[in-house]
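Dear colleague,

I am handing over the structure below, together with notes on what was found in it. Please read the notes with the structure open beside you.

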Amino acid sequence: MKTYTIKANNTEYRLLLSAEASLDEFARELKEFATELLEQPKAKEAFDLIIDSGNRILPFEYKQLYTNIIESRSEWSVLFTSNVLTKRQALKWHKNTALRVEFRTVEAGDILEASGDLLLVGDIEPGGFVRAAGNIYIIGRHDGVAYAGASGNDRAVIVGTFSTNSEIRINRHTYSIRHTLDEKSNYTPRAYFINERGVLEATDVTNIEQVRPEIDTIVNEIHHYEG
């Protein structure tokens, strides 16, 4: 019984490793596969060979072995995938996607950062700076600088109550929002985002999920809190 099953299309081959397969036995069968591959014209083409280990994490030395078997015999590139993450990968994913919650005032000269989304319960005073790779939600007054999408995300949003002193940055775009406010709208809860034309746009907090369907329901909680 083979240690793998194979699927193929016009750009890649995918080898699905059996759950009970011996990794050494798979290496032997992979050599046979590579030998058969040499007899085909496709061996000289740039294909991807994806080795899917399912619910197993392949040790680094076996990944090296499998890569050498294929890439030393063909022009193919070997890629690996599985259904599981290492502990380090899982912790990194959690850090980058988790919501960081802070209860504080960001004073002049302070810098507050988050590797994912940020919920700040407190004010940003003039000269205060907050930055997040994801979205920024502010329950409080924003009179400083808020920088969302700092890792290159144009779909990030900044939600809070703003004044004519507010400066917001989304990805590479920097805006003073003085021109978007009047006396009536000063310190009114709003959501700012970059629209399809690459222009800063403001909307009511309750409308942001229509613009960004992926936005977490925390937006509704902020609106409820501030109402």
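A polar contact, as the term is used here, is a pair of N or O atoms within 3.5 Å; within protein, one of them must be able to donate a hydrogen and the other to accept it, and residues adjacent in sequence count only if both atoms are side-chain atoms. With that in mind, a polar atom of the side chain of S53 lies 2.7 Å from the backbone oxygen of R56.

Before going further, please note that this is a predicted model, in which local features need pLDDT of at least 70 and side-chain atom pairs count only at pLDDT 80 or more, while totals for chains, interfaces and linings use all residues. Residues are numbered from 1 along each chain as its sequence is written, and side-chain values use heavy atoms, with hydrogens and water left out.

The chain as a whole

The chain contains 5 helices and 15 strands, where helices (H or I, at least four residues) and strands (E, at least two) are DSSP runs numbered from the N terminus. Of its 227 residues, 41% count as buried, a word that stands for under 20% relative accessible area, with exposed meaning over 50% and partly exposed in between (1.4 Å probe, protein chains only). The accessible surface of the chain comes to about 13,000 Å², and 48% of that belongs to carbon and sulfur atoms; these areas come from the Shrake-Rupley method with a 1.4 Å probe, and for residues only the protein chains shown count as cover. Among the contacts in the chain with a separation of 6 or more, 37% are accounted for by residues 24 or more positions apart, a contact being heavy atoms within 4.5 Å.

The sheet of four strands

Four strands form an open sheet in the order β1-β2-β3-β4, with mixed pairing, and two strands are said to pair if DSSP finds at least two bridges between them. The edges are taken by β1 (4-8) and β4 (77-81), each of which has a single partner strand, so one side of each is left without a neighbour in the sheet. Neighbouring strands of this sheet are turned by 20° against each other on average, direction ignored; axes are lines fitted to C-alpha atoms, for helices over the stretch in contact, and angles run from 0 to 180 degrees between N-to-C directions.

β1 and β2 form a hairpin with 3 residues between them, and these antiparallel strands are joined by 5 bridges. Within this pairing, T5 has L16 of β2 as its bridge partner, and K7 has R14. Helix α2 lies across β3 and β4, and runs at about 150° to β4.

The loop between β3 and α2

The loop between β3 (48-52) and α2 (60-71) holds S53, and R56 is found in that loop too. S53 is buried, with a relative accessible area of 5%, whereas R56, at 25% relative accessibility, counts as partly exposed. Not counting residues up to four places away in sequence, S53 touches L17, L58, T81 and S82. The side chain of R56 reaches the backbone oxygen of S18 at 2.9 Å, and the C-alpha atoms of R56 and S82, which are 26 residues apart along the chain, are separated by 6.7 Å.

A second open sheet, of 6 strands, has the order β5-β7-β9-β11-β14-β15 and mixed pairing. Its edge strands are β5 (99-103) and β15 (200-204), each pairing on one side only, and its neighbouring strands are turned by 25° against each other on average, direction ignored. Strand β9 (residues 136-142) runs parallel to β11 and is joined to that strand by 4 bridges; the bridge partner of H142 in β11 is F162.

Which aromatic pairs are there to look at? The structure holds 8 of them, where rings of Phe, Tyr and Trp (its six-membered ring) pair if their centres lie within 6.5 Å, and planes under 30 degrees apart count as stacked, over 60 as edge-to-face and the rest as tilted. The rings of F162 and Y192 have centres 4.8 Å apart and planes at 85°, so this pair is edge-to-face. F162 lies in β11 (residues 158-162) and Y192 in β14 (residues 189-194), so the pair ties together parts that are 30 residues apart in sequence. Both F162 and Y192 are buried. Elsewhere, Y4, Y13, F26, F33, Y62, Y66 and W76 form one aromatic cluster.
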